[in-house]
Amino acid sequence: MFDIAIIGGGTAGLTAAIYGQRAGKRTVVFEGLNFGGQIVNSPNVENYPGLESISGSQYSMNLLNQALKLGTETISEKVKEIREEEGIKIIVTEAKEYPCKSVIIATGVAHRHLGIEKEDKLVGSGVSYCATCDGAFFRGRDVAVIGGGNTALQDAAFLANYCNKVYVVHRREEFRGESRLVNALKEKENVEFVLNAVVKDIIGEFMVEGVLLHDKKEEKDFQIPVAGVFVAIGQIPQNEIFDGVVKLDEYGFILASEDCMTSHSGIFAAGDCRTKEVRQLTTAAADGSVAALEACKYLDAK
């Protein structure tokens, strides 16, 4: 019987494990893929307080090792279901079932991809899904932001502080994002809108050298030389299996506020999988600590 079962082995999940173990609870982390989360793929992390520069893989390994040294148990199995029987939560994986007293869901999100050939190959070599994580690496260079929502517009504004030129590429004439963000970008001399255009290919073998675009109005292809491509076309939460157990919003994120409590007593949500405004390493770590402490309060009250 585990005190706290954590679903997801990224920053939020492993931080929750650290806090759970330090509180004297028996804690287990379920991870169906690789421990560490998406940050594993980042060549450099330079926006985490106290860590001037570290690779994503090393950061994740340090976090995992810290949790393990405190006694956290890990199970490398994909969770298929959560159900409750007489006040006990049952974690169902592809292999077996595990009883536990409380659950923290920390499954994160998947970034929506463009779906073009070189996109995955050049992640970390010019392709990025996080402007605030990687923008500083492109200081003084030209970049493209792909997308038309608030995230894309905010990314473009952030990158304009560092980059020589920021191209905002959107497939329509009008943006889905807020007009105030669009108007703010129009006032920036180093931001250019490329509208009614879709990305056909990313140019470069080992590093991004440009993007090949298709003009939907003129029905012709053209290239823009850039060193970075920031994809901001949406995030996909991994919460389908929890629908019906906890309440989700219209986009599939778990409804949970800053206390990380969900609609189901004894089940908490931490990190990018929950409803929130900012999704960064720091907020994932903060959620992990809050969720674990709330789980401890729940257990102690029981």
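Is Asp-287 buried or exposed? I found that Asp-287 counts as buried, at 4% relative accessibility. For my notes, buried means under 20% relative accessible area, exposed over 50%, and partly exposed in between, with a 1.4 Å probe and protein chains only.

Before going on, I noted that this is a predicted model, where local features need pLDDT of at least 70, side-chain atom pairs count only at pLDDT 80 or more, and totals for chains, interfaces and linings use all residues. Residues are numbered from 1 along each chain as its sequence is written, and side-chain values use heavy atoms, with hydrogens and water left out.

**Salt bridges**

I searched the whole structure and got 16 salt bridges, each being a side-chain nitrogen of Lys or Arg within 4 Å of a carboxyl oxygen of Asp or Glu.

Asp-287 has such a contact with Lys-276, at 3.0 Å from N to O. Asp-287 sits in helix α6 and Lys-276 in the loop between β17 and α6, 11 residues apart. I took helices (H or I, at least four residues) and strands (E, at least two) as DSSP runs, numbered from the N terminus. Lys-276 is buried too, with a relative accessible area of 15%. Shared partners join Glu-258, Arg-274, Lys-276 and Asp-287 into one network of salt bridges.

Next I looked at Lys-118, which meets Glu-205 in a salt bridge of 3.1 Å, N to O. Lys-118 is in the loop between β7 (109-111) and β8 (127-128) and Glu-205 in the loop between β12 (197-203) and β13 (210-215), so this pair ties together parts 87 residues apart in sequence. Lys-118 counts as buried at 17%, while Glu-205 is partly exposed at 42%.

**Aromatic pairs**

How many aromatic pairs are there? I count 6, pairing rings of Phe, Tyr and Trp (its six-membered ring) if their centres lie within 6.5 Å; planes under 30 degrees apart are stacked, over 60 edge-to-face, and the rest tilted.

Why is the pair of Tyr-48 and Tyr-59 tilted? Their planes stand at 50 degrees, so the pair gets that label, with ring centres 5.7 Å apart. Tyr-48 lies in the loop between β2 (27-30) and α2 (56-69), and Tyr-59 in helix α2. Tyr-59 is buried at 6%.

I also checked Phe-268 and Tyr-298, an edge-to-face pair at 6.3 Å centre to centre and 75 degrees between the planes. Phe-268 belongs to strand β17 (residues 267-269) and Tyr-298 to helix α6 (residues 281-301). Both Phe-268 and Tyr-298 are buried.
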